[in-house]
Structures are given as structure tokens and as C-alpha cells.
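Please open the model in your viewer and keep the selection tool at hand. The tour below goes from one selection to the next and says what is there at each stop.

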Amino acid sequence: MTSTPQARTGDATLGKAADENFPVAPFFLPRAWREDLMAVYGFARLVDDIGDGDLAPGGADARHLGLEPEQSEDRLAMLDSLETDLHRVFATTGAEPHHPLLRALRPTVRRRALTPEPFTGLIEANRQDQKIRRYNTYAELAAYCELSANPVGRLVLALTGTASPERIRRSDAVCTALQIVEHLQDVSEDLARDRIYLPAEDMARFHVTAPDLSRPSAGASVRALIAFEAQRASDLLEAGTPLVGSVDGRLRLLLAGFVGGGRAALAAISAAGFDVLPGPPKPTKPRLLREVGTVLRRARGER
């Protein structure tokens, strides 16, 4: 059967799930959970692709959102149109969403009684990316992560019916940590987009300048800075790890995958001598499995 252009638009976005640091919707989850997680992932990936200018060529996403194909490059206009389409997802009357990924999201929103706030937070984070290229303090960066990362964990808890204030607090720590890890892996890629997610106060402390980040390989000062930020992410992961032991069954395995993925990525950064400039240090599959196992053993001990 030949796929439609609408289906191909969604497939191109959803296909990026395999490149993430952690499993998005692994096979061991119930089918309904996998479908809901992929629906949420499709939205989150679309928002990031708009914000990063990584949409598939041809302008199909712009057309779905009611814009001209050439407006694909106008990221703020695309994000505004996406938010308008998101309102259709939550509306009880009127037209259905226009973009296929948002049409796929609508049944999940209704089935799980999701609220708009996590989704609008992700859009706002990408708006911020178009306007703010540097962060002066860690507090500013953490506030950005509150929009760009923490909604994802909160959505996972909402989808699985396990949200509580304590779990949300732990989840926020894990998600902020994972966002920092991703920033450390992508220093060179982000700099190519004129973005630096290393707090200016920390760069000054370690005597690192923007030109230092553009070198083929990191010097001692850059490595020290990356090691400092990696430890910060590690501490956050440690604070959030009890989340895994607070749930049971296959959800515990999923959350262990998130935490283990972060731990494995940090191990890869360390193994590279904290030199992230040649390219993103990626964990091996055996290391990932070992870290997930470690998290699960800790979870059993915390029960």
C-alpha cells in the first residue's frame, strides 16, 4: 500500500525516535502506552524540529499548519501556527487539528485527560530558542529546562496515571539532567546554530570563551567546564533516581531506561576525557544495558 503525503510527514518525524539517548516507546510496554507515548513524542519532536530548522524539505509541515511552503524557515510563524493547531487538539467543538501528528495526538489527550500546559511549555521553549542564544546563570538555564524538558516527564506520568507531587519533583530532576547531558553532547552542533547552553558564569569561572568551543578538540579549560556540568547533571540524576523505585512493573523498566540512558551518556562523556567538541560522545549498547541494570537493582533495594 502506498503511503499518503500526510503519513509520510508523520513517519519522517517519528523515525527520529531511534536516535534518542533513551527508549521512547519500547516493545515491552502495553500497546496502548506505546501508542500514547509515540503520539506525545511526535508532537515534541515536531516542535524541536521547527525550532531547530530541521524539518523535512518540501514545506509539507508548513502546508499542514496553514502556511505557505516557503514559510517553513520562519520558525516563529511556524510555532505560532502549531500552537493554534494545538488549541484544536483540546477544543471540544470545531475543526479537527490540521497537522497529522496533532490529529494523532488528539485521541491520546482525550483518553488520558491531558492538559495543555506541558505542550505549550515545549512550544514556548522553542520560541525562547529563537530569541535567547546565551544563558548567564545556571538558574536561567534551569528555568529553560522547566519548559524544554520537564514537561516530557510530567506527560509520561500523566499518560501512565502515576503522577503525584513527589514523583513530579523527581521526574523534573531527571528531565533537567537529561537536557543538560544533551547540551553537553551537542556543544559543537549548538554553537553552529549560534547557541550556547553552558552558563556564562561557569564559562567565566573556568576561563572558557566562545572561540574555545569552536576548536576541533577541547583544551584543559573546556574539559574542566564540561566535567563540572556533567557532575551537575549526575547529581540531578541521583536526586531523581528514587522515582524509578516508586513505581512497579513495566513503567519501572521504562523509567530505568530514561535514567540509565542519562547515566550511560555521562559515562561516554567521561570516557571521551570530557572532550565533546569533535562530536557527541555516544554510549555503547552494553554500557546502556549495564546502567539500566544498576538503576533497577537500586530500585529493588529502595522498596
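The stops that follow begin with aromatic rings and end with a helix.

This is a predicted model, in which local features need pLDDT of at least 70 and side-chain atom pairs count only at pLDDT 80 or more, while totals for chains, interfaces and linings use all residues. Residues are numbered from 1 along each chain as its sequence is written, and side-chain values use heavy atoms, with hydrogens and water left out.

A search of the whole structure finds 7 aromatic pairs, where rings of Phe, Tyr and Trp (its six-membered ring) pair if their centres lie within 6.5 Å, and planes under 30 degrees apart count as stacked, over 60 as edge-to-face and the rest as tilted. Select Tyr135 and Tyr197, whose ring centres are 6.0 Å apart with planes at 20°, so the pair is stacked. Tyr135 lies in the loop between helix H6 (117–131) and helix H7 (138–148), and Tyr197 in the loop between helix H10 (187–192) and helix H11 (200–205), so the pair ties together parts that are 62 residues apart in sequence; helices here are DSSP runs (H or I, at least four residues), numbered from the N terminus. Tyr135 is buried at 2% relative accessibility, and Tyr197 is buried at 8%, where buried means under 20% relative accessible area, exposed over 50% and partly exposed in between (1.4 Å probe, protein chains only).

Next, select Phe206 and Phe228, whose ring centres are 5.4 Å apart and whose planes are at 50°, so this pair is tilted. Phe206 is in the loop between H11 and helix H12 (210–213), and Phe228 is in helix H13 (residues 220–240), 22 residues apart. Phe206 is buried, with a relative accessible area of 17%, whereas Phe228, at 23%, counts as partly exposed.

Leaving aside neighbours within four places in sequence, Asp202 is in contact (heavy atoms within 4.5 Å) with Leu225, Phe228, Glu229 and Arg232.

For the last stop, select helix H15 (residues 249–271), which has 23 residues and reaches 32 Å from its first C-alpha to its last, close to the 33 Å expected at 1.5 Å a residue, the expected span being 1.5 Å times one less than the number of residues. Of the 23 residues of H15, 17 are buried, so this helix is largely enclosed by the rest of the structure. Just after H15, Gly273 takes a positive phi of about 70°.

Methods:
Helix = DSSP H or I, 4+ residues; strand = E, 2+ residues; numbered from the N terminus.
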